[in-house]
Amino acid sequence: MYDGVVQELIDELGRLPGVGPKSAQRIAFHIVQTQSFDVTKLAKVLLEVRERVRFCEQCGNVSESAVCNICADPERDRTLICVVEEPKDVAAIERTRSYEGLYHVLGGAISPIDGIGPDQLNIRGLMPRLETGEVVEVIIATDPNLEGDATASYLSRLLSAVGVQVSRLASGLPVGGDLEYADEVTLGRAFAGRRLIGQ
């Protein structure tokens, strides 16, 4: 434990996701000890993020305007919608440069243990986007875990009545991985998602 404001800084940093007590302490001491670190700029950016960033009215992605850059881009394929859990998933898929369609951000995944059901997610916002008839396929890109699977299963049942094709991202072995280190679930999914070679 440290005195006063240093401990308060460590405590606040420790509340951030993915930042444990040791990381919070390292960051705090970096801020305290590094004279060239611009604390004023950091504080200004944090305040600006709070004031300016919102969620896109169409897809739920983070944006500084009412509609995000992806939804506003006329070059995007409007027949495809990729459903993801969080805005960070949009960024991950965009980095692949292999998807040209639109997105829909749910804001989480179904997790009864955490009290999150379908009504707590941005599912209602997806349905009107499908009513125009322009969307041909919905790609479900939820995390390959229990919550993601539950969300994908719920969405596939819901969307089967709409008349759009529903697909799910394949999951399996990572490139460069060894079979002996793969867990049973990953290896099982790799077998289930296998493809014919040369066709």
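This is a predicted model: local features need pLDDT of at least 70, side-chain atom pairs count only at pLDDT 80 or more; totals for chains, interfaces and linings use all residues.

**Salt bridges and their surroundings**

Author: Side chains of opposite charge can pair when their charged atoms come close. Arg52 and Glu48 both belong to helix α3, where they sit four residues apart, about one turn of the helix. With a relative accessibility of 41%, Arg52 counts as partly exposed, and Glu48 is partly exposed too, at 28%.

Now look at Glu48 again, for it has another partner. A salt bridge joins Glu48 to Lys44, where the closest N and O atoms are 3.7 Å apart. The picture then widens: Lys44, Glu48, Arg52 and Glu64 are linked in a network of salt bridges. Across the structure, the count comes to seven salt bridges.

Glu94 and Arg76 form a salt bridge through their side chains, at 2.8 Å from N to O. This pair links distant parts of the chain, with Glu94 in helix α5 and Arg76 in the loop between α4 and β3, 18 residues apart. Glu94 is partly exposed, at 26% relative accessibility, whereas Arg76 counts as buried, at 12%.

From the charged pairs, let's turn to the nonpolar side chains. The largest nonpolar core has 31 residues, and those with the most contacts inside it are Cys82, Val84 and Tyr103. Two or more residues come from each of α4 (69-72), β3 (77-84), α5 (87-96), β4 (101-105), β5 (137-140) and α7 (146-160). Strand β3 gives the most to this core, with five residues. If you click on Val84, you can trace its contacts beyond its sequence neighbours up to four places away: Asp89, Val90, Ile93, Tyr103, His104, Val105, Leu106 and Ala141. Another core, of five residues, lies apart from the largest one and includes Leu13, Val19, Ala24 and Ala28.

Tyr103 also leads us to the rings. The whole structure holds one aromatic pair. The ring centres of Tyr99 and Tyr103 are 5.2 Å apart and their planes stand at 65°, so the pair is edge-to-face. Tyr99 and Tyr103 are both buried.

Cys82, in turn, brings up the cysteines. A search of the whole structure finds zero disulfides. Cys71 has its closest cysteine sulfur in Cys59, 3.7 Å away, which is too far for a bond, since a disulfide needs sulfur atoms within 2.5 Å. Cys71 counts as buried, at 4% relative accessibility. Cys82 is in no disulfide either, and the nearest cysteine sulfur, that of Cys59, is 11 Å away. With a relative accessible area of 2%, Cys82 is buried.

Finally, here is a record to set beside the picture. An unreviewed UniProt entry lists residues 79-174 as "domain: Toprim". Over that stretch the chain is 30% helix and 20% strand, and the C-alpha atoms at its ends are 29 Å apart.

Notes:
Residues are numbered from 1 along each chain as its sequence is written. Side-chain values use heavy atoms; hydrogens and water are left out. A nonpolar core is a set of buried Ala, Val, Leu, Ile, Met, Phe, Trp, Tyr and Cys residues joined through side-chain atoms within 4.5 Å. Buried means under 20% relative accessible area, exposed over 50%, partly exposed in between (1.4 Å probe, protein chains only). Contact means heavy atoms within 4.5 Å. Rings of Phe, Tyr and Trp (its six-membered ring) pair if their centres lie within 6.5 Å; planes under 30 degrees apart count as stacked, over 60 as edge-to-face and the rest as tilted. UniProt positions are given in the numbering used here, feature names are shortened, and annotations may be inferred rather than shown by experiment. A salt bridge is a side-chain nitrogen of Lys or Arg within 4 Å of a carboxyl oxygen of Asp or Glu.
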